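My entries follow in the order in which I worked.

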Amino acid sequence: MKMTLLLLLCLTGHVFATELPDVDCLVLNLKHVKCSWDKEGTPEVNYTFYGWFKYDTLVSECPTYLSANNTNTGCMQPYHETQRFDQFYSRLLPGQENSAKEHALKTKVKLNPPTNVTVHNGSDSNLWVEWSHITCVESEVRYRINNRNWATFLLSTNVKNYCINLPSSRSLYEVQVRSRVSSDCAQSDFWSDWSEPVLWGSNNSTANQTDVSMSVWNPVLYAVGAFILILLVMMLLHYERIRIIFIPVVPKPSPKLHNIEVSNIQSSGLPSQKRPVFKPNIYIYIYIYIYIYIYIFRSYQLTYQNTVVFERHIEDRCVPSCEVKAKQVKDVSLLELVSIP
C-alpha cells in the first residue's frame, strides 16, 4: 500500500510542482478567439483547455488545439459578433479545477491585413493607393522611395484610399497598409500585419544609382573636355587652314591707301611713323573657349543638381492633401533638403 502511494506521488508530484503557464487570449479578425500558453516555451504538461464568455450557457473543451511537438500550446475557438465586450474566462486542466482566469478582450483584437491593395496614377497627376477592409476600422499607410526611410501616415476611420502628391515615374515607390479597430468601436491595442508591398514606378536600379553614377561621370566629363580643349589649341597653333576658320585673317590695306596715308602725313608736316600691322592675339581666343566650356559644363551641372533637389523635395517633403486628412506619426524620418515656406 505504501509503495502504491509513493509511486502515485512520484507520478503526479511533478505536475503539481510545475507552475501553471500564463494564458493570453486575442480576438483574430473578429472570427476566432486564440488563446495560447507557450510564451515561455513549450510546456512539459499536455493541458486541456476550456474557454467561455460570460453569458455562455455551455462550457466545453477546446474544439481546435494548437500544438508543438505533440503538446498542446494553444486553442482556437469560434467568436460571435460583439462578444469581445463580454468577459472571457479560461481554465487549464490539470491545475485550475476550482478557478478560472478572466480576460478583457474589448481592446485585444487583431485584424487581418487589408486586401486588394492597388496603386495607380490618377487623372490629377497624384499617385492613389486604394484597399479594402471591414467597417469601423482606421488604417495606416507607409511608403518609401528608392528603398529610403519609410514615411508613415495615420488615416481617419473608414478611409480606404490615400494619395501621394506629384510622384516621379523615375523613382520606385513601395507601399504597404495595415489596419485596426478604430476608437468608434472600442479601439484595439493591436495593429494588423502590414499588407504585401505594392510597387509603382521604375523597377530598375537606374533611379537608385543616379547620384552615384553622376559622381563617377563628373571626372570623366572634365577629362574629356580638357582633352578636347588642348586638342583644339594645338590645331589652332599648327594648322593654318583650321586657324583661319576660327581666327579670320584681317586683310592688309592696298598700296594706294598706304600712299594716300603717307602723303597726308607728309602734307601735314608731322613725322612719319611706321604703323604696326594688326596681329590677332590667339590667347584671347583660347581664354574665350575656356570660359565658354566652363560656363556650359557648369550650367549643365547646376541644372542636374537643381533637378535632383526638386525631385527629393517632391519625394521626401510631400504631405498628401488629396481630400484625405492624415497625420504623420513619430517614426517618420525625412530628409530636410529644401525649406518650404
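Entry 1. I looked up cysteine 136 and cysteine 185: the torsion about their S-S bond is about 110°, so the disulfide is right-handed. Cysteine 136 lies in the loop between strand E10 (127–132) and strand E11 (137–145), and cysteine 185 in the loop between strand E14 (172–181) and strand E15 (198–201), so the pair ties together parts that are 49 residues apart in sequence. Strands here (E, at least two residues) are DSSP runs, numbered from the N terminus, as are helices (H or I, at least four residues).

Entry 2. I noted the provenance. This is a predicted model, in which local features need pLDDT of at least 70 and side-chain atom pairs count only at pLDDT 80 or more, whereas totals for chains, interfaces and linings use all residues. Residues are numbered from 1 along each chain as its sequence is written, and side-chain values use heavy atoms, with hydrogens and water left out.

Entry 3. I checked accessibility for the pair of Entry 1. Cysteine 136 is buried, with a relative accessible area of 15%, while cysteine 185 is partly exposed at 25%. The classes are buried under 20% relative accessible area, exposed over 50%, and partly exposed in between (1.4 Å probe, protein chains only).

Entry 4. How many disulfides does a search of the whole structure find? The search finds 3. One of them joins cysteine 25 to cysteine 35, with an S to S distance of 2.0 Å. Cysteine 25 lies in strand E1 (residues 24–28) and cysteine 35 in strand E2 (residues 32–36), so this link ties together parts that are 10 residues apart in sequence. With a torsion of about 110° about the S-S bond, the disulfide of cysteine 25 and cysteine 35 is right-handed. Both cysteine 25 and cysteine 35 are buried.

Entry 5. I turned to cysteine 62 and cysteine 75, which a disulfide joins at 2.0 Å from S to S. Cysteine 62 lies in the loop between strand E3 (48–53) and strand E4 (64–68), and cysteine 75 in strand E5 (residues 71–78), so the pair ties together parts that are 13 residues apart in sequence. This link is right-handed, with 105° about the S-S bond. Cysteine 62 is buried at 8% relative accessibility, and cysteine 75 is buried at 1%.

Entry 6. I then looked up the sheet. Its 5 strands form an open sheet of mixed pairing, in the order E4-E5-E2-E1-E8. The edge strands, each pairing on one side only, are E4 and strand E8 (109–110). I count two strands as paired if DSSP finds at least two bridges between them. E2 and E5 run antiparallel and are joined by 5 bridges. Which residue in E5 is the bridge partner of cysteine 35? The partner is cysteine 75.

Entry 7. Lastly, I examined lysine 160, in the loop between strand E12 (151–157) and strand E13 (161–164). Lysine 160 is partly exposed, with a relative accessible area of 36%. Not counting residues up to four places away in sequence, lysine 160 touches Val129, Glu130, Trp131 and His133, a contact being heavy atoms within 4.5 Å. The C-alpha atoms of lysine 160 and histidine 133 are separated by 7.6 Å, the residues being 27 apart along the chain. The side chain of lysine 160 reaches the backbone oxygen of histidine 133 at 3.4 Å.

Methods: Polar contact = N/O pair within 3.5 Å; in protein donor to acceptor, adjacent residues only side chain to side chain. Disulfide = S-S within 2.5 Å.
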